[in-house]
Amino acid sequence: MSYGSIPDDRIYRVFVNKEKDTIEVVCIGMDKLDVKVEGTYSDIDELPEWLQERLAVLMVSHPQPPTNKIGNFGRRIDENTFWVIHPNTN
């Protein structure tokens, strides 16, 4: 899977689980760019700063399909699911 010209290893699936008060982060690609980011977080403040910033931008976008890609930030898939693009261009 690719996200246009963005390789899979730069896209993270972020799920805000409101029932468990957690944020789950998984890299979509097989060649993971930043494996340290993956995991379950109990607070948004625990996320890396780049991910917090991008998630904040995506959270203000409309969650109803069809959703649009927001620049190189990613896309809001639904109310609680986001595809976030890692800012690293290497």
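Two rings of Phe, Tyr or Trp, with the six-membered ring taken for Trp, are said to pair if their centres lie within 6.5 Å. By that criterion this structure, which is a predicted model, holds one aromatic pair. A ring also takes part in a contact with a charge: the charged end of Arg54 sits over the ring of Phe73, at 4.9 Å from the centre of that ring.

The strands can be taken next. Six of them make up an open sheet, whose order is β3-β2-β1-β6-β5-β4 and whose pairing is antiparallel. Because β3 (39-41) and β4 (69-70) stand at the edges and have a single partner strand each, one side of each is left without a neighbour in the sheet. Further in, strand β5, residues 74-76, pairs with strand β6, residues 81-85, in the antiparallel sense and over three bridges, and Gly74 has Val84 of β6 as its bridge partner. Helix α1, which spans residues 49-59, packs on this sheet and touches β1 (11-17), β2 (22-27), β4, β5 and β6, while its direction makes about 130° with that of β6.

Leaving aside neighbours within four places in sequence, Leu51 is in contact with Val14, Val25, Val37 and Val84. The C-alpha atoms of Leu51 and His86 are separated by 7.6 Å, although the two residues are 35 residues apart along the chain.

Methods
Residues are numbered from 1 along each chain as its sequence is written. This is a predicted model: local features need pLDDT of at least 70, side-chain atom pairs count only at pLDDT 80 or more; totals for chains, interfaces and linings use all residues. Side-chain values use heavy atoms; hydrogens and water are left out. Two strands pair if DSSP finds at least two bridges between them. Helices (H or I, at least four residues) and strands (E, at least two) are DSSP runs, numbered from the N terminus. Contact means heavy atoms within 4.5 Å. Axes are lines fitted to C-alpha atoms, for helices over the stretch in contact, and angles run from 0 to 180 degrees between N-to-C directions. Rings of Phe, Tyr and Trp (its six-membered ring) pair if their centres lie within 6.5 Å; planes under 30 degrees apart count as stacked, over 60 as edge-to-face and the rest as tilted. A charge sits over a ring if NZ of Lys or CZ of Arg is within 6 Å of the ring centre and within 35 degrees of the ring normal.
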